[in-house]
Amino acid sequence: MTANDEYFSNEMTILISFKTKHDSYMKPASIVLICFLFFLTPTIKSQPNKSATRASNGVWPVEKANKWYSQHKWITGSDFIPSTAINQLEMWQAETFDSATINRELGWAENIGFNAMRVFLHSIAWKQDPNGFKQRVNTYLSIADRHHIQTIFVFFDDCWNKDPKPGKQPEPKTGVHNSGWMQDPGDPYSGDSTNFPALEKYVKDVMKSFAHDKRILLWDLYNEPGNSGKFEKSLPLLTRIFQWARSVHPDQPISAGLWAWDFEKFNVFQVANSDIITYHDYEQPDQHLRVIQLLKVNGRPLICTEYMARVRNSRFSNVLPVLKKENVGAINWGFVSGKTNTIYAWDTPIPGGEEPKEWFHDIFRKDGTPYKQEEVDLIKQLNGEK
């Protein structure tokens, strides 16, 4: 058993024993979260710092993380893909890279005071043409920078369709949420270690090219690892990408967002290895606030990199003021209604394609008209925009 395996084993024993000793009035998710944070925080803080800037395992010391966060305005924005792209490949492949739409839509983001957007990359687009891919990434960053927006780049992703392919991407399925979104690297590819050398080359090439680029806010290494029924099959790749990213020594912090509170091994690993704590929460405000309060035990800055699902009562009107008050970065899912079809709910397709009574995600229609003017007014107000 390696030291890392022993660490996970000890943490899991603590987690299981803690869960069995507490009353059932608390949600199991909250119990798990309290547990791993309570025991993990002393472990992290007791690690000796071997340099002025990084702890012994490469993670930024808490003090550096908080200094970095204090140098930024309150971080607000959206997960972003242009409305003309159905998925990451359509966004980044040369034939469909749409800089005009990106520029127009990021202009709308700037106008409501957004200063950060979370954007998914894709390894297949890089594999087709590494240099061209990086040139397009640079073009995107230049456009975003003109609009005073920094970027959170995401590498791997376990959500939605499992078999991504290059070339022409599928057309949207009428009324179906994210019908064409692609996992990266896909399934079973994410669990096959023979793919890791090629993925390592991809990650390191991109990160080395932009490791000192101030237009990048943060590297989000893996979106929702273990989703789509993969569970712990994704843990080896998650572990490896942190190793690859650390070896590059980027100026920007690295993270991977917590998203499923019962994924205990993932959560312990992600908290222990992230410079900044990122997480997803689509719950209503009181439940979301409890998650924030628990995550703050760690002492590191927090950025919520996915929230806002109106029909689940996670709205701008009730969640965004909480995030502002708690000084938690706020990145909602969905910006402009387009080919991703994210105005429709995850589990409620509308076969006729008519507009739902209430949008699930997204802020603007394709012509730039707000879905709800009062939401845009609130976002601008909280961002200090007139």
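**Cavities, pocket, sheet and helices**

Modeller: The largest cavity has a volume of about 80 Å³. Keep in mind that this is a predicted model.

Biologist: How many cavities of 30 Å³ or more does a search of the whole structure find?

Modeller: The search turns up 2 of them. The second largest cavity holds about 30 Å³ of space.

Biologist: Which residues lie nearest the centre of the largest cavity?

Modeller: Those are Ile81, Phe335, Val336, Thr340 and Asp362, out of 15 residues in its lining. By class, that lining has 7 nonpolar, 5 polar and 3 charged residues.

Biologist: And what lines the second largest cavity?

Modeller: Its lining consists of Asp79, Phe80, Ile81, Arg118, Phe120, Trp181 and Trp333. Of these residues, 5 are nonpolar and 2 are charged, with no polar ones.

Biologist: Switching to open space: what volume does the largest pocket have?

Modeller: About 470 Å³. Its lining has 24 residues, and Glu224, Trp259, Tyr282, Glu306 and Trp346 are the closest to the pocket's centre. The lining splits into 10 nonpolar, 7 polar and 7 charged residues.

Biologist: Now the sheet. What is the order of its strands?

Modeller: The sheet is open, with 8 strands in the order β5-β4-β3-β2-β1-β8-β7-β6, and the pairing is parallel.

Biologist: Which strands stand at the edges?

Modeller: β5 (254-255) and β6 (277-280) do. Each has a single partner strand, so one side of each has no neighbour in the sheet.

Biologist: What does β5 pair with, then?

Modeller: Strand β4 (residues 216-223) pairs with β5 over 2 bridges, in the parallel sense.

Biologist: How many bridges does β1 make with strand β8?

Modeller: Strand β1 (residues 76-79) is joined to β8 (residues 329-333) by 4 bridges, and the two run parallel. Gly77 has Ile331 as its bridge partner in β8. β1 also pairs with strand β2 (residues 116-120), over 3 bridges and again in the parallel sense. There, Asp79 is partnered by Arg118 of β2.

Biologist: Nice link. On to helices: at what angle do α12 and α13 cross?

Modeller: Roughly 5°, with the axes of α12 (residues 316-325) and α13 (residues 373-382) coming within 10 Å. Angles under 35 degrees count as roughly parallel, and α12 and α13 are therefore roughly parallel to each other.

Biologist: Which residues make the contact?

Modeller: α12 supplies Phe316, Ser317, Leu320, Pro321 and Lys324, while α13 supplies Glu375, Leu378, Ile379 and Leu382. By class, the contact has 6 nonpolar, 1 polar and 2 charged residues.

Biologist: Last topic, the backbone. Where is a peptide bond cis?

Modeller: The bond from Asp184 to Pro185 is cis, with omega near 5°. Another cis peptide bond joins Asp187 and Pro188, where omega is about 15°. Pro185 lies in the loop between β3 and α8 (196-210), and Pro188 lies in the loop between β3 and α8 too.

Biologist: And what is the phi of Phe231?

Modeller: Phi is positive there, about 50°, although Phe231 is not a glycine. You'll find Phe231 in the loop between β4 and α9.

Methods
Residues numbered from 1 in each chain as written. Predicted model: local features only at pLDDT ≥ 70, side-chain atom pairs only at ≥ 80, totals over all residues. Heavy atoms only, no water. 1 Å grid on protein atoms, 1.4 Å probe; cavity = no way out; pocket = protein on both sides within 12 Å on 5 of 7 lines; lining within 4 Å. Points joined across faces, edges and corners; volume = space filled by probe spheres on them. Nonpolar A, V, L, I, M, F, W, Y, C, P; charged D, E, K, R; others polar. Axes fitted to C-alpha atoms, helices over the stretch in contact; angles between N-to-C directions. Parallel < 35°, antiparallel > 145°, perpendicular 65-115°, else oblique. Contact = heavy atoms within 4.5 Å. Pairing = 2+ DSSP bridges.
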